[in-house]
Amino acid sequence: MRPLQIALTKGRLEDSTISLFERMGINCDAVRQKGRKLILPIGDGSVEVVLAKAADVITYVNHGVCDLGVVGKDTILEAGGSFYELLDLGFGKCRFALAGPVGRDFFAGYHTKTIASKYPNVARSYFEGKSMNVRIIKIEGSVELAPLLGLSDAIVDIVETGTTLKENGLAVIDSICPVSARLIANSASLKLQKAKIESLVSRMERAKEEQA
Ligand code: PRP
């Protein structure tokens, strides 16, 4: 039988997921010593870890080539897709926020505001909810630069400690929603690999609760 494949978002979410698996008693030495390998067996080899970028985790699960995925709610809200969200893993916690230069009233004046974001869909739906017409510009990273350079009035971004905003003279104007890592599943896999997935998910849930 083919192994269950779980796509992990490379970096911090990968590390937290591997720690969770280790607390479940699953040997993850192959991942700990991975080098540049991207598909690695864990435990007895009945589960394989696939290391990918956040948006690609969703693509692989959406297309059914990976059964499960671990990805931030930020990427889920931005990318959407037809998969199931099985578990809030409780790590990778941060929040989406609207932020702008300290001391400037974002809502003052009637001109159409410009918003920079790595998450244009999240930004669009936030402003639609406020019935506010804005111009959105997609930025790939360090979005805090956009208001500093005069490209935008504000940003929609994830805030964790708030240090990046503070050190760049920006502050939260409004909190949009909390973000954390989620376990997602392909819908066909949920049927075809039901027993295997259910057993892994309930063990993950238990290990998460023991840690809390
Ligand atoms: C994220 C986010 C902020 C920063 C927030 O960026 O886009 O820039 O972290 O964290 P803080 O509130 O703890 O300061 P990331 O590190 O992912 O880099 P990027 O902007 O270059 O993508």
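In this predicted model, the count of aromatic pairs comes to four. A pair of aromatic rings is described by the distance of the centres and the angle of the planes. Here are two of the pairs, with their values:

| Pair | Centre to centre | Angle between planes | Kind |
|---|---|---|---|
| Phe106 and Phe127 | 6.2 Å | 45° | tilted |
| Tyr126 and Phe127 | 4.9 Å | 75° | edge-to-face |

Where do Phe106 and Phe127 sit along the chain? Phe106 lies in the loop between strand E6 (94-101) and strand E7 (113-117), while Phe127 belongs to helix H5 (residues 120-129), so their pairing ties together parts that are 21 residues apart in sequence. Phe106 and Phe127 are both buried; for Phe127 the relative accessibility is 1%. Tyr126 is buried as well, with a relative accessible area of 10%. Together with Phe107, the residues Phe106, Tyr126 and Phe127 form one aromatic cluster.

Now for the cysteines. How many disulfides does the model have? The count comes to zero. Cys94 is in no disulfide either, and its nearest cysteine sulfur, that of Cys177, is 9.3 Å away. Both cysteines count as buried: Cys28 has 1% relative accessibility and Cys94 has 16%.

Next, look at Asp157 in strand E9 (residues 154-159). Asp157 is buried yet has no salt bridge. The nearest side chain of opposite charge, Lys118, is 4.2 Å away, and a salt bridge has to be within 4 Å. Leaving out residues up to four places away in sequence, Asp157 touches several residues, including Arg95, Phe96, Lys118, Tyr119 and Glu144.

Is Val172 buried or partly exposed? Val172 is partly exposed, with a relative accessible area of 33%, and its place is in strand E10 (residues 170-179). Among the residues it touches, not counting those up to four places away in sequence, are Arg95, Ala97, Leu98 and Val159. Val172 and Pro101 are 71 residues apart along the chain, yet their C-alpha atoms are separated by 8.9 Å.

Finally, a wider view. An unreviewed UniProt entry lists residues 53-205 as "domain: ATP phosphoribosyltransferase catalytic". In the model, that span is 35% helix and 32% strand, and its end C-alpha atoms lie 24 Å apart.

How values were computed:
Residues numbered from 1 in each chain as written. Predicted model: local features only at pLDDT ≥ 70, side-chain atom pairs only at ≥ 80, totals over all residues. Heavy atoms only, no water. UniProt positions renumbered as here; feature names shortened; annotations may be inferred. Helix = DSSP H or I, 4+ residues; strand = E, 2+ residues; numbered from the N terminus. Disulfide = S-S within 2.5 Å. Buried < 20%, exposed > 50% of the residue type's maximum accessible area, 1.4 Å probe, protein only. Lys, Arg positive; Asp, Glu negative; His and termini not counted. Contact = heavy atoms within 4.5 Å. Phe/Tyr/Trp six-rings, centres within 6.5 Å; stacked < 30°, edge-to-face > 60°.
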